[in-house]
Amino acid sequence: MKISIITVTYNSGATLEQTIRSVASQSYNHIEYIVVDGGSTDNTPELIKKYGDVITASVSEKDQGLYHALNKGIAMTTGEVIGMLHSDDFYINNEVVQKYADTFIKTGADAVYSDLYYVNAHNTDKVIRKWKSGTYREGSFKSGWMPPHPTFFVKKEVYNRFGDFNLNFKTAADYELMLRFIHKHKIRLAYLPEFTIKMR
């Protein structure tokens, strides 16, 4: 199972290297890594070049924001499963993607999600908030439930069937996409009950 990881970035050179190294350190061997840069003017282009052996494909050009950049990344992927790791986030250890792959295979799910730590921007050992998702139950969105977007890995065929991010939602396209996939279309969902990502 090839898993595509997308990182979108714009002038995030200060944290991007940790994100890239986090992907590079994964024990899982079948990773396609896509980096979508919004035309950064900092050291981002140099970092993308530096890690050319890790990054499968990249693009650097102006875009219409985060969700437009993610849509471009989705279009570039060739993997069976798509995950997203933003340019100031990183995996908590090198087994995360392997655990996702195992969960997809074991459960036959269309999407897998897990738990996330919010951490201090300057001291990533300092946890600010724990986002423990819990098991999804039908109708949970009506009570305010949603999984952390960076932990949401989805089969590409789901994007092909139900669409990608709706750019009409300027700040909530991730919520709308998960609502559409999970609540409206009732995709098969699996919960990986572990903290897998640290988000600044």
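1. Let's start with helix α3: eight of its eleven residues are buried, so α3 is largely enclosed by the rest of the structure. Here, buried means under 20% relative accessible area, exposed over 50% and partly exposed in between (1.4 Å probe, protein chains only). Helices (H or I, at least four residues) and strands (E, at least two) are DSSP runs, numbered from the N terminus.

2. Please keep in mind that this is a predicted model: local features need pLDDT of at least 70, side-chain atom pairs count only at pLDDT 80 or more, and totals for chains, interfaces and linings use all residues. Residues are numbered from 1 along each chain as its sequence is written, and side-chain values use heavy atoms, leaving out hydrogens and water.

3. Which residues of α3 are buried? They are Tyr67, His68, Ala69, Leu70, Asn71, Lys72, Gly73 and Ile74.

4. Now for the aromatic rings. Rings of Phe, Tyr and Trp (its six-membered ring) pair if their centres lie within 6.5 Å; planes under 30 degrees apart count as stacked, over 60 as edge-to-face and the rest as tilted. The count comes to twelve aromatic pairs. In one of them, Tyr113 and Tyr191 are stacked, 5.0 Å centre to centre with 20° between the planes. This pair links distant parts of the chain, as Tyr113 in strand β6 and Tyr191 in strand β9 are 78 residues apart. Both Tyr113 and Tyr191 are buried.

5. Tyr136 and Trp145 have ring centres 5.0 Å apart and planes at 45°, so this pair is tilted. Trp145 counts as buried, at 13% relative accessibility. Ring pairs link Tyr113, Tyr136, Phe141, Trp145, Tyr175 and Tyr191 into a cluster.
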